[in-house]
Amino acid sequence: MNSLRIFFVGGLTSYRALFGWLSPWILVPTFLFTPLFQILLFVYIGRTAGVNDDRFFLIGNAVVNAAVPCLFAMGNTIEGERSAGTLPLLIASPAKRLPLFLGRALPVILNGFLVAVFALVTGTLLLRVDLPPATWGGIAVAIAACSVSCTGLGLLGAAIALRVRQTAVMSNIVLGILIVFAGVNVPLAAMPGWMQEVARWLPMTHGIAATHDLAAGQRLGDVAGALLAELALGAFYAALGLVLLRWLEWESRLKASLDMA
Amino acid sequence: MGGPVIQVDGLARTFRTGRGLFRRSSREIEAVKGVSFAVERGELFGLLGPNGAGKTTTIKMLITLLLPTSGQARVLGHDVVKQARDVRRKVGYVFGGDRGLYERLSGLDNLRYFAELYGVSPRESKQRVGELLELVGLTGREKERVEGYSRGMRQRLHIARGLLHRPEVLFLDEPSIGIDPVGARELRATVKHLVDAGTTVLLTTHYMFEADELCDRIAVIARGRIVALDTPAELKKQVTTGSVLEVDVFGLPDGLVDRVRAEPNVQSVVVDVRGQAQVLTVHAQPGTDVTQAVMGHLEGSRYGRVVTREPTLEDAYIELVNAA
Amino acid sequence: MKAVRLVAVAWWLQLKMRSRSAFDGLLSLLYPMFFATTIFMMFRHGGAAGPALLSAAVGSSAMGIWSAVSTTAAFALQTERRQGTLELLVLSPQPFALLLVPLTLSMATIGAYSMAATLLWGRFAFGIDIAIADPVAFVLSVIVTVFAIAMLGMLIAISSIRYRSAWALGAALEMPVWLICGFLVAISDLPSWVRPLSAVLAPTWGVAAMRAAATGRSPWADLAYCLLTAAGYGVVAVLVSRVMVHSARARATLALT
């Protein structure tokens with residue numbers, strides 16, 4: 001089976017199925033309203049807390065919007081297929097797993113990227129934050145890197161989702177952990193040592209730090225190390241996910257253990 | 001109190017379904033096309049029809065869950081559109097299936113909840129709930145969560161729920177669907193009991209024998225219209241086939257079928273092969289009996305089982321529905 | 001008084017139902033705690049201490065009450081519809097709005113558990129001194145805020161009886177309400193054109209009362225406003241629900257099919 005075809009066609013169809021109820025009443029609140037308000041919320045809390053750095057909170061919370069959909073995309077797909085009853089069909093198909101899952105993730109990833117850009121631009125205008133155009137290219141690359149690494153973690157999540165029913169709960173807990181540890185609203189340096197250690201192994205940490213540096217005027221070359229770390233983490237989690245996937249499928253043939261319905 | 005308990009005049013309901021996001025196209029479905037009937041106090045009235053005939057839609061209009069697109073209906077003298085609240089105070093609604101209960105609560109808690117909802121006075125509530133649990137045979141299992149109930153138990157709980165506030169009229173929508181024969185029989189016994197005690201019952205079903213056994217009068221509904229309304233006995237008389245004679249013959253002689261067919265009062269003759277025997281099925285003209293004549297022709301032949309049966313409600317129903 | 005008894009019994013049973021799903025319960029407790037943790041860290045980073053920190057602790061733990069309602073209110077009726085019980089609710093001779101109060105009230109009550117958990121978390125994980133100046137007034141303020149948030153949730157729930165995509169709006173309101181009702185940010189710090197909106201939202205007054213009681217100021221005026229606005233929502237809910245239910249009966253949206 002043509003992997004490329006699985007990637008694009010399968011992904012697009014699944015995306016449309018997930019959003020079958022394509023109504024502006026759902027799109028606008030979810031993709032435009034909420035990300036913006038998250039930024040505003042933390043900016044104001046920051047000010048109240050005595051941390052007067054609007055740009056810090058703007059960047060952190062904008063990047064989260066790019067990364068989060070990538071985290072959930074594949075797990076949600078599994079959940080969606082499960083409730084529609086098509087999960088067994090998916091698992092039984094001979095298609096290669098990587099393009100299968102990634103294909104389903106791609107439209108969501110692009111979606112997340114656009115939301116992040118929108119949030120960043122709007123936030124900059126609303127809060128009158130200084131983000132010179134020269135930095136935009138680099139920032140876009142950094143955001144993309146975060147998306148990629150979160151996708152890797154998402155693949156691991158999707159594998160777990162095959163076994164565990166409560167995808168939504170698990171996903172939200174992961175999101176919570178990321179928001180607390182990845183330096184979204186508190187700079188890494190201000191966190192206790194053990195938290196910094198944990199943060200280094202999480203996606204988004206390096207990418208967000210790189211984005212801050214880029215916004216402050218550093219060049220892409222300067223932050224390359226951080227971005228590579230980000231991508232490497234993504235690959236690591238993705239590999240873990242694929243291994244787990246293969247093992248779970250094998251185990252399910254042995255013990256009928258996959259939660260298919 | 002005179003006057004019918006339920007009065008329906010030209011009740012109709014159309015549904016509109018929309019499709020597509022940008023170019024919304026809609027279709028109109030006429031589920032009920034103008035039905036009229038009246039139900040007297042203490043009657044067990046049946047609404048019999050195939051799936052999709054409009055039974056549930058009709059019932060939902062009568063209990064105020066749906067607004068009719070045209071026509072009128074009054075329950076206990078109250079208009080179902082303008083005096084909905086008065087209607088709701090005095091009617092009960094029981095429907096078949098698994099849904100309609102709070103899964104995570106026990107049967108007892110479900111009844112407590114609905115007792116509050118339907119305005120059972122606090123003083124009476126506890127006693128009433130206990131009474132009903134006994135009536136439907138769930139005493140001893142009321143503390144278990146509904147999610148563990150079988151379909152039959154759920155149905156019984158539904159009935160208890162429907163009766164909490166002592167309704168004068170009870171609407172039963174396909175209550176025995178998916179219930180085992182024993183459970184269904186108990187259900188029918190309970191319904192008969194209720195009617196004997198004075199409750200008026202309107203029952204929808206697609207089981208012929210159920211309607212035949214229970215109902216004082218039946219309205220046959222098909223494709224949104226009432227095609228017949230009468231007592232079961234009268235409806236059976238409307239069937240154009242008379243009694244049916246079935247004989248298992250071993251070795252049908254040549255020409256026998258033609259000879260039987262030539263008999264006066266024989267409407268039709270059909271021969272089936274079932275295992276070793278050939279089954280001779282003879283339909284007589286209505287009101288006549290052809291047994292003697294047919295058996296006469298079978299003198300000297302080997303035959304086994306001989307059965308005569310009356311036209312059933314099923315025959316009448318199929319005829320009526322097909323004519324619609 | 002029949003109404004009070006109905007709400008009380010129904011609230012208790014709804015609470016029973018909601019607390020029986022262990023996993024969902026865990027999430028509604030944990031999720032606001034992640035936000036609260038971030039916020040505690042932010043305040044520490046900014047060098048806050050004493051009353052400012054206590055204020056922040058109270059505000060961020062109260063966030064859980066609104067979370068519990070905003071995320072589930074719009075789904076409440078959809079769940080009833082799927083269970084097949086929505087029709088049975090409409091069939092009740094009691095006014096429909098009254099039947100919704102226990103639904104959202106039970107959600108808000110679970111949010112109150114989250115609040116307690118978050119306060120304990122702040123005390124033991126962050127060493128924040130939870131020294132409530134007036135405990136009685138504080139508990140009263142929490143109760144009134146729970147009620148006010150339940151009433152706000154009811155408005156969301158009612159709109160979902162007719163509009164199936166109301167859930168998206170409800171979910172999207174989670175953070176705006178946190179911001180605009182001054183859970184963490186003083187209303188005076190927000191742009192001036194937001195203030196009328198804050199004043200009209202009942203939780204604003206409830207949270208203000210909670211903070212006042214915690215830091216030793218008088219909460220009574222705030223509580224009065226809170227009850228007033230919440231009662232206003234009740235009136236709106238009664239009127240709107242009549243229209244909504246009528247519309248649902250006309251368009252046959254009470255059942256799944």
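This is a predicted model: local features need pLDDT of at least 70, side-chain atom pairs count only at pLDDT 80 or more; totals for chains, interfaces and linings use all residues.

Q: Which strand does Val39(B) lie in, and is Val39(B) buried or exposed?

A: Val39(B) is part of strand S2 (residues 25-39) of chain B. To judge burial, count the C-beta atoms around a residue's own: 20 or more others within 10 Å makes it buried. Val39(B) has 23 other C-beta atoms within 10 Å, so it is buried.

Q: How far apart are Val39(B) and Arg156(B), in sequence and in space?

A: They are 117 residues apart in sequence, and their C-alpha atoms are 25 Å apart in space.

Q: Now the sheets. What holds the strands of a sheet together?

A: Strands pair through backbone hydrogen bonds, and the pairing can be parallel or antiparallel. Here, one open sheet of chain B has 6 strands in the order S6-S7-S8-S3-S9-S10, with mixed pairing.

Q: Which strands stand at the edges of that sheet?

A: Those are strand S6 (91-95) and strand S10 (225-230) of chain B. Each has a single partner strand, so one side of each is left without a neighbour in the sheet. From one strand to the next, the twist averages 15 degrees.

Q: How many bridges join strand S3 and strand S8 of chain B, and in which sense do they pair?

A: Strand S3 (residues 44-48) and strand S8 (residues 200-205) of chain B share 5 bridges and pair in the parallel sense. To see one of the partners, find Leu48(B): its bridge partner in S8(B) is Thr205(B).

Q: Which helix packs on this sheet and touches S6 of chain B?

A: Helix H5 (residues 151-163) of chain B does, touching S6 and strand S7 (169-173). The direction of H5 makes about 170 degrees with that of S6(B). Helix H6 (residues 181-196) of chain B lies across S3, S7 and S8 of chain B, and runs at about 150 degrees to S8(B).

Q: What about the sheet with 4 strands: in what order do they come?

A: This open sheet of chain B goes S12-S13-S11-S14, and its pairing is antiparallel. Strand S12 (266-274) and strand S14 (302-309) of chain B are at the edges with a single partner strand each, so each has one side without a neighbour in the sheet. The twist averages 15 degrees from one strand to the next. For a pair to look at, take S12(B) and strand S13 (residues 277-284) of chain B, which run antiparallel and are joined by 8 bridges. Val270(B) stands opposite Thr281(B) in S13(B).

Q: How many residues are between the strands in the hairpin of S4(B) and S5(B)?

A: There are 2, and Leu76(B) takes a positive phi near 55 degrees in that hairpin. Strand S4 (residues 70-75) and strand S5 (residues 78-79) of chain B run antiparallel, joined by 2 bridges. Across the pair, Arg74(B) stands opposite Asp79(B) in S5(B).

Q: On to the other chains. How many helices and strands are there in chain C?

A: Chain C has 11 helices and 0 strands. Its radius of gyration is 18 Å, close to the 18 Å that the globule rule gives for 257 residues, so chain C is as compact as a globular protein of that length. Along the principal axes, its C-alpha atoms fill a box of roughly 60 × 35 × 35 Å. Buried residues make up 53% of chain C.

Q: And how many helices and strands are there in chain A?

A: Chain A has 10 helices and 0 strands. Of its 261 residues, 48% count as buried.

Q: How many residues of chain A are in contact with chain C?

A: 30 residues of chain A are in contact with 27 residues of chain C. On the chain A side, helix H2 (24-49) and helix H7 (167-181) are the elements that give two or more residues. H2(A) provides the largest share, 16 residues. By class, this side of chain A has 18 nonpolar, 11 polar and 1 charged residues.

Q: Where should I be careful about reading the coordinates in detail?

A: Take care where pLDDT is low. Chain A averages a pLDDT of 79, with 82% of the residues scoring at least 70. Among the elements of chain A, helix H1 (residues 3-18) has the lowest mean pLDDT (55), and helix H8 (residues 193-200) has the highest (90).

Conventions. Residues are numbered from 1 along each chain as its sequence is written. Chains are lettered from A and ligands numbered from 1 in the order in which they are written. Two residues are in contact if their C-beta atoms, placed from the backbone, lie within 7 Å. Ala, Val, Leu, Ile, Met, Phe, Trp, Tyr, Cys and Pro count as nonpolar, Asp, Glu, Lys and Arg as charged, and the others, Gly among them, as polar. pLDDT is the predictor's confidence in each residue, from 0 to 100. The radius of gyration is taken over C-alpha atoms; the globule rule is 2.2 Å times the number of residues to the power 0.38. A residue is buried if 20 or more other C-beta atoms lie within 10 Å of its own, exposed if 12 or fewer, and partly exposed in between; C-beta atoms are placed from the backbone. Two strands pair if DSSP finds at least two bridges between them. Axes are lines fitted to C-alpha atoms, for helices over the stretch in contact, and angles run from 0 to 180 degrees between N-to-C directions.
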